[in-house]
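Welcome! Take a moment to look over the sequence and turn the model around on your screen. Then let us walk through it together, one part at a time.

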Amino acid sequence: MHRVAAVVVPPVLSFDVSIPLMVFHNAEHYDVRVCTARPGPTPTVGGPDIVVPDGLDAMAGADTVLAVGSGGEQAPAEVLDALRKAAAAGARIASLCTGAFVLAQAGLLDGRRATTHWGLADDLATRFPAVDVQPDLLFVEDGGIFTSAGAAAAIDLCLHLVRVDHGAAAANTAARLAVVPPVRPGGQSQFIETPLPPERGTSLAPTRAWALEHLDRPLTLADLAGHARTSVRTLTRRFHAETGLSPLQWLLHRRVDRARELLETTELPMDLVAGRSGLGSADSLRKHMVGRVGLTPTAYRASFSRQVDSPAEAT
């Protein structure tokens, strides 16, 4: 059982506290404990108090430690000491949203790339010049320490950690149970510029859903624009506003995700995995898997295979 300790550092949003509980509860093999320096009723920003049951001793022996909250304010010294001890003991360290300030105060981000909510990124960079702040990314990993932007990006990071531990199928299952989209790439933009306000009938979500159902086809910009009933130029502009990626970049990410699921849950030969994910050939599958995941398809299957389907069922 993988133990996760979510360390609450007021001021905190109750939503942020709920994220690791929601995501890891929907994935198997995790035990999540919420702790804080002063257990008991804990105030939240703009909401009712929450009761945090455990003290910082819950961090002892945790496999993953998440810093949640702080709003950029100074964290208690005992929290910073506990984080340093957890990191020294080999725990995976991560932060959600403004929890990056807590990791920075503990000195754990010195010399590392990190991110936080875009509205506080400049403050993080100013107060902690030893941190290489990446203000426009959803989440960042550097040297085994993970930081995320706010709200939905924190969900993306937790899903990413599930995928690192147990593969794409487990992460996608957790995402479906939480009724959130599949994991977005960490390099995706936080969308600092305000996108065009959605108009009735113009969202590209239906087109993205349609594309997911047809990943095995050689989809083109014209195909996507045709489904969206718009021009290619308008499609590209709106797609980037909604996802932070071009349509073809988004398709490639989704195709690799589909290939990962097939490698984990079936024994299909590589050419069929490539075909069903829309990557074309086994050589193309290998190229994109190595580029995105750092493993060949064969190595990835050996590491994450769950073999949910038999070969007969898969065909």
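## The chain as a whole

Among the contacts in the chain with a separation of 6 or more, 64% are between residues 24 or more positions apart; contact here means heavy atoms within 4.5 Å. The chain has 14 helices and 10 strands. Helices (H or I, at least four residues) and strands (E, at least two) are DSSP runs, numbered from the N terminus. Of the 315 residues in the chain, 49% are buried. Buried means under 20% relative accessible area, exposed means over 50%, and partly exposed is in between (1.4 Å probe, protein chains only).

Please keep in mind that this is a predicted model: local features need pLDDT of at least 70, side-chain atom pairs count only at pLDDT 80 or more, and totals for chains, interfaces and linings use all residues. Residues are numbered from 1 along each chain as its sequence is written, and side-chain values use heavy atoms, with hydrogens and water left out.

## Two helices that cross

Two packed helices are described by the angle between their axes and the distance between the axes.

Which residues in H6 meet H10? They are Ala168, Ala169, Ala170, Asn172 and Arg176, and their partners in H10 are Asp257, Arg260, Glu261, Glu264 and Thr265. The residues of this contact of H6 with H10 divide into 3 nonpolar, 2 polar and 5 charged. In this grouping, Ala, Val, Leu, Ile, Met, Phe, Trp, Tyr, Cys and Pro count as nonpolar, Asp, Glu, Lys and Arg as charged, and the others, Gly among them, as polar.

H10 also holds leucine 248, which counts as partly exposed at 46% relative accessibility. The C-alpha atoms of leucine 248 and leucine 224 are separated by 9.8 Å, and the two residues are 24 residues apart along the chain.

## One side of helix H11

Now find helix H11 (residues 270-277), whose buried residues are Val273, Ala274 and Ser277. They cover an arc of only 100 degrees around the axis, which puts them on the same side of H11; the arc is that of the directions from the helix axis to the C-beta atoms. An α-helix has 3.6 residues a turn, so residues three or four places apart point the same way. What covers the buried residues of H11 includes H10, helix H12 (282-293) and helix H13 (297-304).

Just after H11, glycine 278 takes a positive phi of about 80 degrees. The C-alpha atom of serine 277 is separated by 8.5 Å from that of arginine 217, 60 residues apart along the chain. Arginine 217 lies in the loop between helix H7 (205-213) and helix H8 (221-228), and is partly exposed, with a relative accessible area of 45%.

## Aromatic pairs

The structure holds 3 aromatic pairs. The rings of phenylalanine 24 and tyrosine 30 have centres 4.8 Å apart and planes at 50 degrees, so this pair is tilted. Rings of Phe, Tyr and Trp (its six-membered ring) pair if their centres lie within 6.5 Å; planes under 30 degrees apart count as stacked, over 60 as edge-to-face and the rest as tilted. Phenylalanine 24 counts as buried at 1% relative accessibility, and tyrosine 30 counts as buried at 10%.

Phenylalanine 101 and phenylalanine 128 form an edge-to-face pair, because their ring centres are 6.4 Å apart and their planes are at 70 degrees. Phenylalanine 101 lies in helix H3 (residues 99-105) and phenylalanine 128 in the loop between helix H4 (121-127) and strand S8 (132-133), so the pair ties together parts that are 27 residues apart in sequence. Both phenylalanine 101 and phenylalanine 128 are buried.

## Backbone details in the loops

Serine 70 has a positive phi of about 115 degrees although it is not a glycine. Serine 70 lies in the loop between strand S5 (64-69) and helix H2 (77-88) and is buried, with a relative accessible area of 0%.
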